[in-house]
Amino acid sequence: MPKRGFKSITLKESVYADLEKTYRQNKAILEREGVDSLSSFVARIISTYIVDKESGRMQHFNIYENVIRIKDKKLGRIVDVDYRKDEMYCGLCESTDCVHTGYAWGIYKHYRTMP
Ligand SMILES: [Zn+2]
C-alpha cells in the first residue's frame with residue numbers, strides 16, 4: 001500500500017530492473033537536475049514523453065535570470081518556470097513535475113551544452 005497522497009502502478013520485474021539500472025547509472029547527473037529518486041526519474045521520463053508527443057504544443061519565449069518563459073499553445077497560456085536550487089518549479093501547475101518543467105529542463109540542457 002503506497003503512503004498517503006501516492007498511487008502505485010505495477011510493472012514487469014524486467015521493466016523495473018531496466019529503469020532502476022538506468023537510474024543508478026545516471027544518478028549523479030539526475031540528482032543535479034533535481035531527480036532524486038526512482039519515482040521522480042519515472043515521472044521525468046513520462047513528462048519528457050508527453051512533451052515529445054505534443055511537440056509543437058510548447059513554444060519557448062525567453063530565459064531571464066532564473067525564469068524560463070514558455071507559451072503552452074494547448075492551454076493558451078504563458079507559463080513561467082523558475083529554476084531554483086537545482087529544481088524547476090512551474091508557477092501554473094505549482095509543481096516540479098509537469099509537462100512545463102519537463103520542457104524547461106530540455107531548454108535548460110540545450111543552452112547549458114551550447115559552446
Ligand atoms: Zn506546469
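**The sheet and what lies around it**

Modeller: Strand β1 (residues 58–64) pairs with β2 through six bridges, and the two run in the antiparallel sense. Two strands count as paired if DSSP finds at least two bridges between them. Helices (H or I, at least four residues) and strands (E, at least two) are DSSP runs, numbered from the N terminus. This is a predicted model, in which local features need a pLDDT of at least 70 and side-chain atom pairs count only at pLDDT 80 or more, while totals for chains, interfaces and linings use all residues. Residues are numbered from 1 along each chain as its sequence is written.

Let's stay with this pair for a moment. Q59 has K71 in β2 as its bridge partner. The two strands make a hairpin with two residues between them, and in this hairpin E65 has a positive phi near 45°.

Now move along to the other hairpin. Strand β3 (residues 77–84) and strand β4 (residues 87–90) are antiparallel and joined by four bridges.

Next, what packs with the strands? The largest nonpolar core has 13 residues, and I70, V81, M88, C90, Y103 and A104 have the most contacts inside it. β2 (67–72), β3, β4 and α4 (99–112) are the elements that give two or more residues to this core. Helix α4 supplies the largest share, four residues. A nonpolar core is a set of buried Ala, Val, Leu, Ile, Met, Phe, Trp, Tyr and Cys residues joined through C-beta atoms within 7 Å. In soluble globular proteins, nonpolar side chains tend to be buried together. "Buried" means that 20 or more other C-beta atoms lie within 10 Å of a residue's own, "exposed" means 12 or fewer, and "partly exposed" is in between, with C-beta atoms placed from the backbone.

Setting aside residues up to four places away in sequence, M88 touches G34, V81, Y83, T96, T101, A104 and W105. Contact here means that two C-beta atoms, placed from the backbone, lie within 7 Å.

For contrast, look at helix α1. None of the 13 residues of α1 is buried, so this helix lies largely in the open. Its first and last C-alpha atoms are 18 Å apart, close to the 18 Å expected at 1.5 Å a residue; the expected span is 1.5 Å times one less than the number of residues. Within α1 (residues 13–25) you will find T22, which is partly exposed because it has 14 C-beta neighbours inside 10 Å. R24 also belongs to α1 and is exposed, with 11 other C-beta atoms within 10 Å.

Finally, step back to the whole chain. Its four helices and four strands follow the order α-α-α-β-β-β-β-α from the N terminus. Buried residues are 17% of the 115 in the chain. The average pLDDT, the predictor's confidence in each residue from 0 to 100, is 86 for the chain, and 90% of the residues score at least 70. Among the elements, α1 has the highest mean pLDDT (96) and helix α3 (residues 38–53) the lowest (80).
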